[in-house]
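Please read it alongside the sequence and the coordinates.

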There are 2 protein chains.
Amino acid sequence: MANLKYSRQRAAIKEYLSHTLEHPTADTVYLHIKEEFPNISLGTVYRNLNLLADMGDAIKISTPDGGDRFDGHVNPHYHVVCRSCGKVSDLELDEQHIQEVNKLADRCFEGTILSHTTLFYGICRECESKKWKN
Amino acid sequence: MANLKYSRQRAAIKEYLSHTLEHPTADTVYLHIKEEFPNISLGTVYRNLNLLADMGDAIKISTPDGGDRFDGHVNPHYHVVCRSCGKVSDLELDEQHIQEVNKLADRCFEGTILSHTTLFYGICRECESKKWKN
DNA sequence: TCAATAATAATAATAATTACTATAATTGAT
DNA sequence: ATCAATTATAGTAATTATTATTATTATTGA
């Protein structure tokens, strides 16, 4: 972990994640970073995204449909995936609440609870206004 | 949805899921069902697991490491994945609490919240007791 | 400037899942 | 029970998502 060298590609990926609210997949990150680094490899994107996630500079979000998504905003918060369009939105909940859930769960579990992720399913505002589109 | 025919393979998969606490992957289900149906195909297992999930007879659990897992116990409950051994355990929380979280989230979201899944990360009892060996 | 070492691009390989198709099983009506 | 309609299956191929390999390049600290 200490033997980590700077790389412009990783810096660009981190920068991109910190400015988007889109929760992009590795492939989407790849397509964007490619504008600045036309020769960047998809493998490099995967490796750096996982590095950032391991270092706590990004969150990896697993959903049942499609590949993993990444979020550069690491303050404790939740996500909502739209059942209609698949979009992933942020959902800020009281941080106190999030900590409470960990404690509550720890009391019900025979081991130790460290953290948790919550993924809500729902219908986003955009899809809701387009009425019953499933 | 109405045009669904019975199949012994699907019945066996449902039966198996209802009797295990292991949260098996599709491949694990495949290996077990194969004992009764030696010619069953992995594709059949995938299709039926997804069918069961769509019908509400099973829960599909996505974790960041490895393939999706399935749970035949569909009462509202959470899961814990062990950071050490990867095992997925059930975590029963007050059902009132789980409903409350949906309402709480709905108030903070511009669309509609339908449900949620929570995945805790921690160390299971077994790994905790082996901690001095690592 | 230079050597040590980590990061990269390009590619190959693997893992997880879905799609395709000819045959078999289920169902509902005769 | 038989039969036609239709869904499900097994076997296989294809696709998608991700990780591994390797020769070259970039970064770092002396």
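The C-alpha centres of domain 1 and domain 2 of chain A lie 22 Å apart. Domain 1 spans 1-73 and domain 2 spans 75-134 of chain A, with bounds from an automatic or database domain assignment. This is a predicted model, in which local features need pLDDT of at least 70 and side-chain atom pairs count only at pLDDT 80 or more, while totals for chains, interfaces and linings use all residues. Residues are numbered from 1 along each chain as its sequence is written, and chains are lettered from A and ligands numbered from 1 in the order in which they are written.

**Domains of chain A**
- The contact between the two domains takes seven residues from domain 1 of chain A and seven residues from domain 2 of chain A; two residues are in contact if their C-beta atoms, placed from the backbone, lie within 7 Å.
- On the domain 1 side of chain A, the contact has two nonpolar, three polar and two charged residues. Ala, Val, Leu, Ile, Met, Phe, Trp, Tyr, Cys and Pro count as nonpolar, Asp, Glu, Lys and Arg as charged, and the others, Gly among them, as polar.

**Helix packing in chain B**
- Helices α2 (residues 26-36) and α3 (residues 42-55) of chain B pack at an angle of about 120 degrees, with their axes 9 Å apart. Axes are lines fitted to C-alpha atoms, for helices over the stretch in contact, and angles run from 0 to 180 degrees between N-to-C directions.
- Helices (H or I, at least four residues) and strands (E, at least two) are DSSP runs, numbered from the N terminus.
- Ala26(B), Val29(B), Tyr30(B) and Ile33(B) of α2(B) meet Leu42(B), Val45(B), Tyr46(B) and Leu49(B) of α3(B). By class, this contact has eight nonpolar, no polar and no charged residues.

**Surface near DNA strand D**
- DNA strand D is surrounded by 27 residues, the closest being Tyr6(A), Gly43(A), Gly67(A), Ser7(B) and Thr44(B); a residue is near a strand if its C-beta atom, placed from the backbone, lies within 6 Å of it.
- This surface divides into seven nonpolar, 14 polar and six charged residues.

**Contact of chains A and B**
- Chain B gives 32 residues to the contact and chain A gives 31 residues.
- On the chain B side, β5(B) supplies the largest share, twelve residues.
- Strand β5 (residues 112-123) of chain A and β5(B) run antiparallel, joined by eleven bridges; two strands pair if DSSP finds at least two bridges between them.
- His116(A) has Phe120(B) as its bridge partner in β5(B).
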